[in-house]
Amino acid sequence: MKNTNPRMPGLIRVSLIGGAIMALTPLSIDMYLPAFPFIEIDLKGTASLVQLSLSIFFAGVTLGQLFYGPISDKIGRKKPLIAGLLIFLLAGIGCIYTKSIGMFIFFRFAQAIGASAGMVISQVIVTDLYTDHRKSGQVFSVLMLVLGTAPIIAPTIGSFLLDSLGWRGIFAVLLGAGALVLISFVIGIPETSKPRPDASMADSFRAYGKVLKFPGFLRISLARNIMNAGMFAYITTSPFIFMKMYGLNEFQYGLVFAGTAVSIMLGNILSGILLKKTDPEKLFDVSNVLALIFGVLTVIVSFTKPSMIVLLLPIIGYMFNLGLMLPGSTSLALRGHGKNTGAASAINGSIQFITAFGASGIMSAFSGLSLLPMAFGVGICGVASSAIYFIAAGKKKTV
């Protein structure tokens, strides 16, 4: 159904503002990665404590989403998102001016709690505005484009800012971006869901049980997010593989990474085109078949002592397919939940961060041994997502 309410924003505005909101979280995760050694020295910490500031951010985003989802179902979308963005800004100021590693970790956790509001509510706003899932899928293609490419380009942006502004300058840029996002949201997006004063907080959080029992939700969410975890398995191991094993310098490695990002972008673009005429479930069916194929091919190729180009072919195919899959599957995961859509978005988002963090952690433990950890990481994610979607559910089309 087309949004015909003249007071409601159009598709382009929702896509741009929603994408900007979504970008805050991956940028906050990855932009400061090149600055780890400098933060360790400046704040008189240790490498493990600086690493903890990243782990605690993942924990904050996961927990925060579980809070904001049902809250937004009860009191509306706008107030919780504004509150989250304000928390993000205040915590960003704390990161800039802190003098101790302990307080830096605390402010990173608070920053994650704030950013998590945007992860949940920006997606729910789309489903509020567009009940036609082809239309919502087109908006999600933009949001997922941001979510898929930001983790890949953010370290490069962070390296540039580190050289010119120092590590605190990275957080100053994040602060400025957060302020612009807040202003854009306040001005550009009205409230899209009526408050429910009759619903208690207990009722709101009991919505999680209803979402988990909703036909097809876990099948779609787990398949989607495990496939997405394959990208993080690749990201974590790729520096060793391409710079140590294949001898690329930093610039050459950046080009390889850019190629990966472009493949995700092209998948997103194609998804947006296809969703104008195709039901998202049909597209997700195809994506899960391709996930199985590219996952298995990545493993097979790794045993052949491949050239870099041969190794990259199935990986690029996997990433292209990921870009193709994310928009429609997000629309599917949030379909039909009605007043519990915020809770559904929260669970879906939390599963996404748990699987991504889990894949990164496992790959970190095995990275540096050979091609096999990366290949099996990508391959297992591809096979598992397909198995969950088709086999574990017995191909039941219940969404």
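The legends below describe several close-up views of a predicted model.

**View 1. Aromatic rings around Y32 and F104.** In this model the count comes to 15 aromatic pairs. One of them joins Y32 and F104, whose ring centres lie 6.3 Å apart with the planes at 50°, so the pair is described as tilted. Because Y32 lies in the loop between α1 (11–30) and α2 (36–42) while F104 belongs to helix α5 (residues 101–129), the pair ties together parts that are 72 residues apart in sequence. Both Y32 and F104 are buried. When the view is widened, Y32 and F104 are seen to belong to one aromatic cluster, which they form with F36, W167 and F171.

**View 2. Charged side chains over aromatic rings.** R108 lies over the face of Y32, at 4.1 Å from the centre of the ring. In a second example, the charged end of K78 sits over the ring of F185, at 5.4 Å from the centre of that ring.

**View 3. The largest nonpolar core and the surroundings of Y234.** In soluble globular proteins, nonpolar side chains tend to be buried together. The largest nonpolar core of this model has 110 residues, and of these I39, F104, Y234 and F242 touch the most other members. Helix α5 supplies the largest share of this core, namely 13 residues. Which residues is Y234 in contact with, leaving aside its neighbours within four places in sequence? They are F242, V256, F257, T260, L312, I315, M319, M374 and V378.

View 4. T260 lies in helix α10, which covers residues 250–274, and with a relative accessibility of 1% T260 counts as buried. Apart from residues up to four places away in sequence, T260 touches I152, Y234 and M319. T149 is placed in helix α6 (residues 133–165), and T149 is also buried, since its relative accessible area is 10%, where the cut-off for buried is under 20%. Not counting residues up to four places away in sequence, T149 touches A261, I264 and M265. The C-alpha atoms of T149 and G323 are 9.2 Å apart in space, although these two residues are 174 residues apart in sequence.

**View 5. A229 in helix α9.** A229 is found in helix α9 (residues 217–245). Is A229 buried or exposed? A229 has a relative accessible area of 3% and is therefore buried. Leaving aside neighbours within four places in sequence, A229 is in contact with T355, A356, A359 and C381. Along the chain A229 and F240 are 11 residues apart, and their C-alpha atoms are separated by 19 Å.

**View 6. Helix α11 and its N-terminal cap.** Helix α11 runs over residues 280–302, and at 1.5 Å a residue its 23 residues should span 33 Å, which agrees with the 32 Å between its end C-alpha atoms. The N-terminal end of α11 is capped by D279, which has a side-chain oxygen 2.9 Å from the backbone nitrogen of E281.

**View 7. R77, a buried arginine in a loop.** R77 lies in the loop between α3 and α4 (78–97). With a relative accessibility of 3%, R77 counts as buried. Beyond its neighbours within four places in sequence, R77 is in contact with S72, I121, V124, I125, D128, E191, T192, S193, T341 and G342.

View 8. Most residues other than glycine have a negative phi. K44, although not a glycine, has a positive phi of about 55°; K44 lies in the loop between α2 and α3 (47–75), and K44 is exposed, with a relative accessible area of 74%. K305 is likewise not a glycine and has a positive phi of about 50°. K305 lies in the loop between α11 and α12 (308–333), where K305 counts as exposed because its relative accessibility is 80%.

Notes
Residues numbered from 1 in each chain as written. Predicted model: local features only at pLDDT ≥ 70, side-chain atom pairs only at ≥ 80, totals over all residues. Heavy atoms only, no water. Helix = DSSP H or I, 4+ residues; strand = E, 2+ residues; numbered from the N terminus. Buried < 20%, exposed > 50% of the residue type's maximum accessible area, 1.4 Å probe, protein only. Contact = heavy atoms within 4.5 Å. Expected span 1.5 Å × (residues − 1). Polar contact = N/O pair within 3.5 Å; in protein donor to acceptor, adjacent residues only side chain to side chain. Phe/Tyr/Trp six-rings, centres within 6.5 Å; stacked < 30°, edge-to-face > 60°. Lys NZ or Arg CZ within 6 Å of the ring centre and 35° of its normal. Core = buried A, V, L, I, M, F, W, Y, C linked by side-chain atoms within 4.5 Å.
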